[in-house]
Structure formats: structure tokens, C-alpha cells
Amino acid sequence: MRKGRNLEEARAFYAKLMLAASHSSDPRLERVFELVPREAFMPPGPWKIKINVSHRYVETPSDDPVYLYQNALVALDADKGINNGEPYLHAAWIGAVSPQPGETVCHIGAGTGYYTAIMSVLVLPGGKVKAFELEPHLARQARQNLKPFENASVTVGDATALPIPQCDLIYVNAGVACPPPSWLQALRPDGRMIFPWRPAEEVGVALLVRRAATGFSVKPLMPSWFIPCVGASSTEGCTKVPSKREAARTRSLWLTTDKAPDETATAIYRDVWFSSAELPVKPATARVM
């Protein structure tokens, strides 16, 4: 009986920490982190966990789920370095992109589906989450884990090569040197994309991209390090690599078919380039009296 009470208390406290980490006033975030059981998306315990300051896994003393309700990565495939990501980081990301009821989300790099499930609850009623996972064994687990979440689905394969549906939010959990044009073109007006930008070995920063009438705005958020995104992590064809300072100054990005790189460029790739310039403001339409 006490074990169950400890788990209930741990989940409730964990949820309060996630709301604080989200920097959001949306009470739904606390509720969803309390209700979605993290252990349901993990392999059988004991678990290998890792805190951000450590470079090695530590095994939990037992399979008591209470050990999962802390700010730790949990190994999904330790040999490949694939983890269920740091909860504080994901809470901050989810707070920044603010999934809303009725929206369509594409989750790229879904692992076994924990954060997919959280977003699927946040877009109810009427919304849905389309998850993509490259590793077949993780995708199979995600499909099984997400059966109770009827508005979530999982596609096995490379999201940089597969068609991405039109969506309001793209949530990327793998390091990207340059987002594919297909991702940007899939965003609806005011759509958001968040991803870990890895344009150079020493640069790792989360970028929040928003589609506006005049282009794509960019907001650097926080340091962020993920395993490379297959199909989007190569720097081949990059003619300008940003320094840490240039990456932090980035404020917009462009498809090269829409606008050629100019002197404000912080990074240049074949199809996409990043700029330190803010997006131009669309002139207000004059009223006819």
C-alpha cells in the first residue's frame, strides 16, 4: 500500500516540476505529466538511467517505477545511445510550442512514444499526432504503448524521405544540421517546429521556428544535444558553418528558392539558409473608405 502511495506522490511532484520547467501557465501541462505513466513507455525494469551531467548509465535498484519520476534520461537502446529524453527539456519544449486542441502534430524520432502520448492528450479534442520512428523495434513498441491513445499513430521510417502531412507543429527529437524543405513546407500558417540544431560539432541549440506570412522566424532557446537525425545531420553542401555566437544570433531562415543568401547569413546549405535578420513585417492592408 505504501509503495503505491509513494508512486502517486512521486508522479504528482514530478508533474509540478514539469510545469515549472515548462515556463508555461497552462495547467494542462501539470495534469498530463501526472496522468501519463512514464513506466508504461519504458522497457522492463530495472532501468539504466543517466543524468545530464553524467556520461554513464546507473542502474536503478529495482523495477519500482518511482525511480522514473526524476529529471533523468532512461535508456531505450543503450548500445545505440537512444534514450527517453530529459523530462525538464521536453517540458520546456512543450511549453514553448504550446500544443493546442484540434492541432495536428508530427513527432519525428518518437522512440517508444512517451512524449508522443503527452502531446496527443494536449491536442484533444479533435487533434492528432503522427509519429515517425526510424528504428523498427522502437516503432513496434511505440505502437503497442500508444494503443490507448487513439489519436496517435506511428510510421516506421526516415521522416526526411517520407511525406510529412500538413501540420501545426513538428517536434523533432534528433540532431539536425539543416531541416529538410519538406518539413518547412508542411507547416501551416503560424505552424511551429522545434528541433535540436547541430550545424557544427561545438554547436547544439534548440531552435523554435514559426511560419509567418513573410517567411520563417527563428528563436534560439537553450543548449540541446541529441543523437544525429538520419537524413538531416550531414553538413555536406554547407558553404557557411555558424560559430556558437552566430547560431545564437539567428533570427530567421529561408528556402533558397524563395530568397538567395545575403550578408546576414549565419549558416548556408544547398536548400535552406539561416539569417541574423528579423523577418520583415507584412504591411497592413489599407482600408477602403
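The legends below describe close-up views of a predicted model. Local features need pLDDT of at least 70 and side-chain atom pairs count only at pLDDT 80 or more, while totals for chains, interfaces and linings use all residues. Residues are numbered from 1 along each chain as its sequence is written, and side-chain values use heavy atoms, with hydrogens and water left out.

**View 1. An open antiparallel sheet of four strands.**
The strand order is S2-S1-S3-S4. Strands (E, at least two residues) and helices (H or I, at least four residues) are DSSP runs, numbered from the N terminus. Two strands pair if DSSP finds at least two bridges between them. Strand S2 (58-59) and strand S4 (82-84) are the edge strands, each pairing on one side only. Three bridges join S4 to strand S3 (residues 73-77) in the antiparallel sense. Within this pairing, Ala 75 stands opposite Asn 83 of S4.

**View 2. Strand S8 and its parallel partners S5 and S9.**
Strands of a sheet pair through backbone hydrogen bonds, either parallel or antiparallel. Strand S5 (residues 104-108) pairs with S8 over four bridges, and Val 105 has Leu 169 in S8 as its bridge partner. Four bridges also join S8 to strand S9 (residues 187-200), where Leu 169 stands opposite Arg 192. From S8 the chain passes through helix H6 (residues 181-186) to S9 in a right-handed β-α-β crossover. Right-handed here means that, with the strands pointing away from the viewer, the path from the first strand over the helix to the second runs clockwise. Strand S8 (residues 167-172) is mostly covered, with six of its six residues buried. Buried means under 20% relative accessible area, exposed over 50%, and partly exposed in between (1.4 Å probe, protein chains only).

**View 3. Helix H3 (residues 87-97), largely enclosed by the rest of the structure.**
H3 is described as enclosed because nine of its eleven residues are buried. Among them are Pro 87, Leu 89, His 90, Trp 93, Ile 94 and Val 97. After H3 comes Ser 98, with a positive phi near 50 degrees.

Ser 120 counts as buried, at 1% relative accessibility. Not counting residues up to four places away in sequence, Ser 120 touches Val 129, Phe 149, Asn 151 and Ala 152. Contact means heavy atoms within 4.5 Å.

**View 4. Tyr 114 in the largest nonpolar core.**
A nonpolar core is a set of buried Ala, Val, Leu, Ile, Met, Phe, Trp, Tyr and Cys residues joined through side-chain atoms within 4.5 Å. The largest core has 50 residues, of which Phe 33, Tyr 114 and Ile 118 touch the most other members. Helix H1 (residues 2-22) supplies the largest share of this core, seven residues. Neighbours within four places in sequence aside, the contacts of Tyr 114 include Tyr 14, Phe 33, Val 36, Phe 41 and Met 42. A second, separate core of 36 residues includes Cys 106, Ile 164, Ala 232 and Cys 238.

**View 5. Cysteines without a disulfide: Cys 229 and Cys 238.**
A disulfide is a pair of cysteine sulfur atoms within 2.5 Å; by this rule the count is zero. Cys 229 is in no disulfide, and the nearest cysteine sulfur, that of Cys 178, is 11 Å away. The sulfur of Cys 238 is too far for a bond because the closest cysteine sulfur, in Cys 178, is 8.2 Å away. Cys 229 is buried, with a relative accessible area of 6%, and Cys 238 counts as buried at 17% relative accessibility.
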